[in-house]
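Thanks for coming. I have one structure to go through today, and I will take it piece by piece.

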Amino acid sequence: MVVSASPYEHMIGKPDVKYVANMHGNEAVSRELMLHLIHYLVTNYHTDPYIRWLMDNTRIHIMPSMNPDGFEVAKEGTCDGGQGRYNARGFDLNRNFPDYFKQNNKRTQPETEAVKDWVSKIQFVLSGSLHGGALVASYPFDNTPNSLFQSYASAPSLTPDDDVFKHLALTYSTNHAKMSRGVACRSSQKGFRRGITNGAEWYPLTGGMQDFNYVWYGCMEVTLELSCCKYPLAQELPKYWEDNRMALIKFLGEAHRGVHGFVMDEHGNPVEKASLKIKTRDVGFQSTKYGEFWRILMPGRKDGNFYRPQQPPLYHRPAVKPPQQTGIISSITSGFNNLVNFFG
């Protein structure tokens, strides 16, 4: 579902963002929160200036359940356990995506294929993957080239955009009612400082969705663990909505931070699939068919390069450079338009 002032058509120059919920079917809080969020956005459009600005300037895509089959077999009132976590074929969908560090040999599932097709068609700028069972905002990388086995308390695996990811995670945790306190859900677990963690430092995993979004498509995705109880009783849902409401809304607004603009040729025509990269940040991103680009960045001067579009591979790995062409990408402060000229 798209919630926006223009739900049926792309708004040129306005970023696309998304929330994907209920990836693990037994983590049901996020599914309900997305329904609450949709209702809140549309009912407050005419009365809340920030909501109106957000919807006028952003296309918000919401997937309330990526794993409806798992949800169907999950049990209300079950805070722990794995019943309903997997899809109908017994696969963990958050271990089913292509992986940057290791070959993922798990058979691709229909739900995963659908999401991969979705993100290949829309240049998402920002994304939240919503989960339950902990209270923390976890950011890439989820995997590391050094881990042989899944274990807890591993070394951090940091991206070239670590400053941005930490900021995004903190945006959510500090706007959440409790997350930034870093309190552990159970006495046997340690808390998370300020309510955030690097994914691999928490525990490394292969085939995660947030690393895939970032490496293949340049989409900044953060995994948001929203509740200690995976599937609480229905009467408890209002408190989870109140805890997460402000964080869900403020997080989406971060798509407007950084640099954005258009890539045009010498005739003023948009250049589609031009590969762009900020210097010192090896994970790149691409322009849309309208020549648009976005990149969330922290304030400060940064330089960048772009490359002539080529026939795209099955998956775009931004770290692999096509032949460089003459061009310039310059400037960065919070939220202003930047025009990149492409010279043939």
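A word on the source before anything else. This is a predicted model, in which local features need pLDDT of at least 70 and side-chain atom pairs count only at pLDDT 80 or more, while totals for chains, interfaces and linings use all residues. Residues are numbered from 1 along each chain as its sequence is written, and side-chain values use heavy atoms, with hydrogens and water left out.

Now the overall picture. The protein has eight helices and 13 strands; these are DSSP runs, helices being H or I of at least four residues and strands E of at least two, numbered from the N terminus. Of the 344 residues, 56% are buried. Buried means under 20% relative accessible area, exposed means over 50%, and partly exposed is in between, with a 1.4 Å probe and protein chains only. Among contacts with a separation of 6 or more, 78% are between residues 24 or more positions apart. Contact here means heavy atoms within 4.5 Å.

Next, the helices. Which helices does H8 cross? One is H2, residues 49-57, whose axis comes within 10 Å of that of H8, residues 237-253, at a crossing angle of roughly 45 degrees. The axes are lines fitted to C-alpha atoms, for helices over the stretch in contact, and the angles run from 0 to 180 degrees between N-to-C directions. H2 and H8 are therefore oblique to each other. For the cut-offs, under 35 degrees counts as roughly parallel, over 145 as roughly antiparallel, 65 to 115 as roughly perpendicular, and the rest as oblique. The crossing of H2 and H8 is left-handed, meaning that the near helix is turned anticlockwise from the far one by less than a right angle; clockwise would be right-handed. On the H2 side the contact is made by Tyr50, Ile51 and Leu54, and on the H8 side by Ile249, Lys250, Leu252 and Gly253. Sorted by class, that contact has five nonpolar residues, one polar and one charged. Ala, Val, Leu, Ile, Met, Phe, Trp, Tyr, Cys and Pro count as nonpolar, Asp, Glu, Lys and Arg as charged, and the others, Gly among them, as polar.

H5, residues 162-175, also crosses H8, with axes that come within 7 Å and an angle of roughly 150 degrees. H5 and H8 are therefore roughly antiparallel to each other, and the crossing is right-handed. Leu168, Thr171, Tyr172 and Asn175 of H5 meet Asp243, Asn244, Met246, Ala247, Leu248, Lys250 and Phe251 of H8. By class, this contact has six nonpolar, three polar and two charged residues.

Then H7. Nine of the nine residues of this helix, 209-217, are buried, so H7 is largely enclosed by the rest of the structure. Among them are Phe212, Tyr214 and Trp216. Just after H7, glycine 218 has a positive phi of about 70 degrees.

On to the annotated residue. Glu225 carries the UniProt annotation "active site", from an unreviewed entry. Such positions are given in the numbering used here, with feature names shortened, and annotations may be inferred rather than shown by experiment. Is glutamate 225 buried or exposed? Glutamate 225 is buried, at 7% relative accessible area, and sits in strand S7, residues 220-227. Setting aside neighbours within four places in sequence, its contacts include His131, Met179 and Trp202.

Back to the start of the chain. Methionine 1 lies before strand S1 and is exposed, with a relative accessible area of 61%. Its C-alpha is 8.5 Å from that of proline 64, which is 63 residues away in sequence. Tyrosine 45, in the loop between H1 and H2, is buried at 17%.

Last, some backbone details. Proline 140 and phenylalanine 141 are joined by a cis peptide bond, with omega about 0 degrees. Phenylalanine 141 is in the loop between S5 and H5. Lysine 273 is not a glycine, yet has a positive phi of about 60 degrees; lysine 273 counts as partly exposed, at 28% relative accessibility. Threonine 280, also not a glycine, has a positive phi of about 75 degrees and counts as exposed at 74%.

That is the end of the tour.
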